[in-house]
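Let us walk through a structure together, one step at a time. Keep the picture beside you as you read, and look up each residue when its name comes up.

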Protein chains: 2
Amino acid sequence: MAALSLSEQDTMQTAMKYVLESGGKRLRATLPVLVGQALGITHSSHYDVGAAIEIIHNFTLVHDDIMDDDSIRRGRPSLHIAYDIPTAINTGDAMLAVSFELLSASDDIPAGTLRRLVQTIGKMVRKVAEGQQLDIDHEGRDDLSEADYLRMIEGKTAIMFETCARCGAILSAADEETVALLSEWGLALGLCFQLVDDLIDVVCDTETLGKPAGSDVLQGKRTLMVIHALNTPDSESRDALLKVLGAKQAAEEDLAAGLEALEHLGSIEYSMALARRNQQVALDVLARLESNPALDVLEALTNYHISRIT
Amino acid sequence: MAALSLSEQDTMQTAMKYVLESGGKRLRATLPVLVGQALGITHSSHYDVGAAIEIIHNFTLVHDDIMDDDSIRRGRPSLHIAYDIPTAINTGDAMLAVSFELLSASDDIPAGTLRRLVQTIGKMVRKVAEGQQLDIDHEGRDDLSEADYLRMIEGKTAIMFETCARCGAILSAADEETVALLSEWGLALGLCFQLVDDLIDVVCDTETLGKPAGSDVLQGKRTLMVIHALNTPDSESRDALLKVLGAKQAAEEDLAAGLEALEHLGSIEYSMALARRNQQVALDVLARLESNPALDVLEALTNYHISRIT
């Protein structure tokens, strides 16, 4: 993405470059290609769809950072801090538009397939917004269930992984059963990914994270760990968590006590177990596909993220 | 749009209904259909594309109101006031996604045509964002030219009219020359429409407007009238305009003097003349198409908006 020329308007072009050249794992960009390789058929359209979804992912980060008032992204000021809020809203909008332009300009996508991709990716964007809305609506609530959490991360994160895998399979002209299997793999991978992301914030130290450990707790995010802990009976540990939940100015020792409470109440182990179950679902799906070296890459990917905390 | 069910998330569904059921002229929704009728061929897809572009138009209003800090829309609180800014950002995003879902679900669009529509509408959304960005970048500047203004309204307004007309013609399977002519008609109509909209704010009284006359001047908007006036030599009139330009708390008599200055410097007449020229371009294009009663509707539409101020 070095020579990006996506907008004809100067401010917007530099703003888009600021976001898209800031790094990130670019995991979503590679997923359709990896799935295509596992199926033995890749076209340039696998790369185009990966790029389109990666741009959409970055658009959601730009808007999420405004909504969540997050001022740092990938070690640099978020776009609305580096520029301003109107420019960030607007640039995000244009990025979403550009992704559909890219998609429709990819000339080795058969016309009938394009309809299916536009439908799938349009639905994904709506679901991601719905997931973000649930996250907003969850703020400050102490009565959430595991199902509420799963519905939220399915929208915010997992559907993007699912869609990457689904589109990769569709572009490789896979049969419907294979498309369904790889979609299921992507969904389980995405759920595992988000659960692990939440865990990393609690179990890794500040040096590894590149940001203070426990920042999700201070922001009051309703992760599965927090929901699990809030659903235990009143106790000293539960009180210790409540004391720092959403308390951005909490003292260091209080935060340490809050994170210790998550450990003590079994909430970390509970969340870890669900991550492992999703990892296993993803591996089981892969086991049903014909074995080949490229499929091993999908397997390694399934094991990679969770390996950071186990 | 009475029985809209566009989102599966409760807050977002009610927020979308709040926006889409708040009225508005729905001009963009009808344009593809009217163009199809003028060409003698309309399908249900003309309505679908009209609905998709109308939803996109409303999405841009939701986001523009946040960026411009406009608290009233169609006589009711803007979405970010009635709900909150995160919900309004997010609902706008989902509305854009929904419009692409609608488009790809319209089953009487041939697959090859859908590619062209996604390309055209994706580009339109990007251009609208670029136009809005120019508007943001123009804020507070006193060195703008007529060309700067035209580039801005071409993006913010006119390309949407152009796209409605273009898509209508494409769906009627018009030949390329006819598609180009109707696109040109839509563009000229859109330019005329925006020039007239700017004029209405200055020349109509508060009662007709439903909001205070001169509010664009108080907000500091760089309309063609303002740009024309600022490009005249220093004078008492120019100073009277500068005194209230962007001065939201200006006294009533100062505002009256500022608006009087636009009249005195010939800026209103200048802007009116350009609106009339674009009206004429639009009419000339229609004269090149085969006459029929449905084409008369396009002609009447071309004359309607400007008739409000002449």
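Start where the two chains meet: between chain B and chain A there are 30 residue pairs in polar contact, both at pLDDT 80 or more. A polar contact is a pair of N or O atoms within 3.5 Å; within protein, one must be able to donate a hydrogen and the other to accept it, and residues adjacent in sequence count only if both atoms are side-chain atoms. On the side of chain B that touches chain A, helix H1 (10-20), helix H3 (44-68), helix H5 (85-105) and helix H6 (111-138) of chain B each supply at least two residues. Helices (H or I, at least four residues) are DSSP runs, numbered from the N terminus. H6(B) gives the largest share of that side, 18 residues. Sorted by type, the residues of this side of chain B are 22 nonpolar, 13 polar and 10 charged. Here Ala, Val, Leu, Ile, Met, Phe, Trp, Tyr, Cys and Pro count as nonpolar, Asp, Glu, Lys and Arg as charged, and the others, Gly among them, as polar.

A word on how to read all this: the model is predicted, local features need pLDDT of at least 70, side-chain atom pairs count only at pLDDT 80 or more, and totals for chains, interfaces and linings use all residues. Residues are numbered from 1 along each chain as its sequence is written, chains are lettered from A and ligands numbered from 1 in the order in which they are written, and side-chain values use heavy atoms, with hydrogens and water left out.

How many residues of chain B are in contact with chain A? There are 45, and they meet 44 residues of chain A, where contact means heavy atoms within 4.5 Å. The area buried between the chains is about 3,900 Å², and carbon and sulfur atoms give 57% of that area. Buried area is the accessible area (1.4 Å probe) that two parts lose on being put together, summed over both. Glu101(B), Arg115(B) and Arg126(B) supply 17% of the area that chain B buries against chain A, more than any other three residues.

Now look at charges. The interface holds 6 salt bridges, each a side-chain nitrogen of Lys or Arg within 4 Å of a carboxyl oxygen of Asp or Glu. Glu8(B) and Lys127(A) form a salt bridge through their side chains, at 2.9 Å from N to O. The side chain of Glu8(B) also makes a polar contact of 3.1 Å with that of Arg126(A). Arg126(A) sits in helix H6 of chain A and is buried, with a relative accessible area of 6%. Buried means under 20% relative accessible area and exposed over 50%, with partly exposed in between (1.4 Å probe, protein chains only).

Is Asn90(A) buried or exposed? Asn90(A), in helix H5 of chain A, is buried at 2%. Among the residues that Asn90(A) touches are Met67(B) and Gln132(B).

Finally, compare the copies. Chain B can be laid on chain A with an RMSD of 0.0 Å by a turn of 180 degrees and a shift of 0.0 Å along the axis, so the two copies are related as by a two-fold rotation axis. The copies are superposed by least squares on the C-alpha atoms of residues with pLDDT of at least 70 in both.

Conventions:
Lists of a residue's contacts leave out its neighbours within four places in sequence.
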